Amino acid sequence: VLVLGVADSHCKFIHASAGCPGAVSCAEMLRNSALQRDIQNGVILNTPSRVINGNVVKPLIVSNSSFDLSSWLMTPYAPTPNVTPSQSSFNAALSSAREKIVQAFGLLRGRWRCLLETLKEDTLRVPTTVIACCVLHNMCIDLGDDAPVEPVVTQDDLELFDEDGDDWPAMEDQGKELREKIRNYLDTYGY
């Protein structure tokens, strides 16, 4: 079962969905999700916006290469022999920004150790169990739970590039343009 999650700067899940079989790609799961529908319909990711070199930039989701580049989801430049130092720096900044979701999933698995192995329950109940763990995780953060939690981070969490994908996901022209604008901004002002 795949789990799709978006976390804020406090490692709190602001979106989580589970239930697609592992044979579905991450990009396909997102394309069919309520998250993508809500973003495309303007329900979420509208404010706050920031002006970067004269361009209004709304909030973005940062991701690894498993997902489609778009005007609301930033992915890294492909690690080709032609990647420029500027593109490598952008990838490093993107990887740094991804740390919160990596930490959120690590804390989730650390708090709810049942998620470390195959759940011993009916397959149809697994998505409910995973989402319940996400809700409880958020409650722990909201209530200031100070119980020690050893995060469990997997290699998949850390990967910026999806080596197992058949090919690179789609890239929307607006996403490419925005990524270039952000890269140019970072080249000028750093991150």
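Residues are numbered from 1 along each chain as its sequence is written, and side-chain values use heavy atoms, with hydrogens and water left out. Because the model is predicted, local features need pLDDT of at least 70 and side-chain atom pairs count only at pLDDT 80 or more, while totals for chains, interfaces and linings use all residues. When I say helix or strand, I mean a DSSP run, H or I with at least four residues for helices and E with at least two for strands, numbered from the N terminus.

Let's begin with helix α5, residues 126–142. How far apart are its end C-alpha atoms? They are 24 Å apart, and that agrees with the 24 Å that 17 residues should span at 1.5 Å a residue. The expected span here is 1.5 Å times one less than the number of residues.

Several α5 residues are buried, meaning under 20% relative accessible area; exposed is over 50%, and partly exposed is in between, with a 1.4 Å probe and protein chains only. The buried residues of α5 are Val126, Pro127, Thr129, Val130, Cys133, Cys134, His137, Asn138 and Cys140. As you look at that spacing, remember that an α-helix has 3.6 residues a turn, so residues three or four places apart point the same way. What covers these buried residues? The cover includes β1 (2–7), β2 (13–20) and α4 (99–111).

Strands pair if DSSP finds at least two bridges between them; β1 and β2 have six, in the antiparallel sense. Ala7 stands opposite Phe13 in β2. The two strands make a hairpin with five residues between them. Please find Cys11 in that loop between β1 and β2. Its phi is positive, near 65 degrees, in a residue other than glycine. Is Cys11 buried or exposed? Cys11 is buried, with a relative accessible area of 4%.

The other part of the cover I'd like to show you is α4. The buried residues of α4 include Ile101, Val102, Ala104, Phe105 and Leu108. α4 and α5 pack at an angle of about 100 degrees, with axes 10 Å apart. That makes α4 roughly perpendicular to α5. For the record, axes are lines fitted to C-alpha atoms, for helices over the stretch in contact, and angles run from 0 to 180 degrees between N-to-C directions. Angles of 65 to 115 count as roughly perpendicular, under 35 as roughly parallel, over 145 as roughly antiparallel and the rest as oblique.

Which residues meet there? From α4 we have Ala104, Leu107, Leu108 and Arg111, and from α5 Cys133, Cys134, His137, Cys140 and Ile141. Contact here means heavy atoms within 4.5 Å. By class, the residues of this contact are seven nonpolar, one polar and one charged. Nonpolar covers Ala, Val, Leu, Ile, Met, Phe, Trp, Tyr, Cys and Pro; charged covers Asp, Glu, Lys and Arg; the others, Gly among them, are polar.

Leu108 is buried, with a relative accessible area of 2%. Leaving aside residues up to four places away in sequence, Leu108 touches Phe13, Leu115, Cys133, Cys134 and His137. Leu108 and Val153 are 45 residues apart in sequence, yet 9.7 Å apart in space, C-alpha to C-alpha.

There is another helix pair to show you. α3 (residues 85–97) and α7 (residues 173–189) pack at about 95 degrees, with axes 10 Å apart. They are therefore roughly perpendicular to each other. Ser86, Gln87, Phe90 and Ala93 in α3 meet Arg179, Ile182, Arg183, Leu186 and Asp187 in α7. That contact has four nonpolar, two polar and three charged residues. Also in α7 is Glu180, which is partly exposed at 28% relative accessible area.

Last stop: the loop between α2 (34–40) and β3 (50–52), where you'll find Pro48. A cis peptide bond joins Thr47 and Pro48, with omega about -5 degrees. Leu45 is found in the loop between α2 and β3 too, and its phi is positive, near 65 degrees. Leu45 is partly exposed, with a relative accessible area of 23%.
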